[in-house]
Amino acid sequence: MDCQCKPEIKDKIDSVHEEIYGNGNSNNSLVTRMARVETNMKILLGVSTSQFFMLIGVAIKMFFNQ
């Protein structure tokens, strides 16, 4: 598709395209970066949840063993 628009508009379109698709480098694509953030959030949430239950378990054990 050939764009018959002003050069600054074509530059903006190219910039958005590069931001979303990474211009051939999938490591720089928006989808890959969002997937990395989602993975990191799941890991942090998993660690936080397990630590919470461990601390609750320790508190209950200390409370009922006295």
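Visitor: Let's start with Asn 40: why does it count as partly exposed?
Guide: Asn 40 counts as partly exposed because its relative accessibility is 45%. Buried means under 20% relative accessible area, exposed means over 50%, and partly exposed is in between, with a 1.4 Å probe and protein chains only.

Visitor: And what kind of model is this?
Guide: This is a predicted model, in which local features need pLDDT of at least 70, side-chain atom pairs count only at pLDDT 80 or more, and totals for chains, interfaces and linings use all residues. Residues are numbered from 1 along each chain as its sequence is written, and side-chain values use heavy atoms, with hydrogens and water left out.

Visitor: Okay, back to Asn 40. Which helix is it found in?
Guide: Asn 40 sits in helix H2. Helices (H or I, at least four residues) and strands (E, at least two) are DSSP runs, numbered from the N terminus. Thr 39 is found in helix H2 too, and Thr 39 is partly exposed, with a relative accessible area of 43%.

Visitor: Let's zoom out. How many helices and strands does the protein chain have?
Guide: The protein chain has 2 helices and 0 strands. Its radius of gyration is 24 Å, well over the 11 Å that the globule rule gives for 66 residues, so the chain is more spread out than a compact globule. That radius is taken over C-alpha atoms, and the globule rule is 2.2 Å times the number of residues to the power 0.38.

Visitor: What box do the C-alpha atoms fill?
Guide: Along the principal axes, the C-alpha atoms of the protein chain fill a box of roughly 80 × 20 × 15 Å.

Visitor: How much of the protein chain counts as buried?
Guide: Of the 66 residues, 3% count as buried. The accessible surface of the protein chain comes to about 6200 Å², and 65% of that belongs to carbon and sulfur atoms. Accessible areas come from the Shrake-Rupley method with a 1.4 Å probe, and for residues, only the protein chains shown count as cover.

Visitor: Now helix H1. What span should it have?
Guide: Helix H1 (residues 7-21) has 15 residues and should span 21 Å at 1.5 Å a residue; its end C-alpha atoms are 21 Å apart, which agrees. The expected span is 1.5 Å times one less than the number of residues.

Visitor: What follows H1?
Guide: H1 is followed by Gly 22, which has a positive phi, near 75°.

Visitor: Switching to charges: how many salt bridges does the structure hold?
Guide: The structure holds 2 salt bridges, each being a side-chain nitrogen of Lys or Arg within 4 Å of a carboxyl oxygen of Asp or Glu. In one, the side chains of Asp 14 and Lys 10 meet at 3.3 Å, N to O. Lys 42 also forms a salt bridge with Glu 38, and their closest N and O atoms are 3.5 Å apart.

Visitor: By how much of a turn are Lys 42 and Glu 38 separated?
Guide: About one helical turn separates Lys 42 and Glu 38, because they are 4 residues apart in helix H2. Asp 14 and Lys 10 are also separated by about one helical turn, being 4 residues apart in helix H1. An α-helix has 3.6 residues a turn, so residues three or four places apart point the same way.

Visitor: Is Lys 42 buried or exposed?
Guide: Lys 42 is exposed, with a relative accessible area of 55%, while Glu 38 counts as partly exposed at 46%.

Visitor: Which residues form the nonpolar patch on the surface?
Guide: Phe 52, Phe 53, Ile 56, Ile 60, Phe 63 and Phe 64 form the patch, with about 700 Å² of accessible area together. Patches are made of residues with over 30% relative accessible area and no salt bridge; like charges are joined within 9 Å, and nonpolar side chains (Val, Leu, Ile, Met, Phe, Trp, Tyr) within 5 Å. One member, Ile 56, is found in helix H2 (residues 30-64), and Ile 56 counts as partly exposed at 37% relative accessibility.

Visitor: How many aromatic pairs does the structure hold?
Guide: The structure holds 2 aromatic pairs. Phe 52 and Phe 53 form an edge-to-face pair, 5.4 Å centre to centre with 70° between the planes. The rings of Phe 63 and Phe 64 have their centres 5.1 Å apart and their planes at 75°, so that pair is edge-to-face. Rings of Phe, Tyr and Trp (its six-membered ring) pair if their centres lie within 6.5 Å; planes under 30 degrees apart count as stacked, over 60 as edge-to-face and the rest as tilted.
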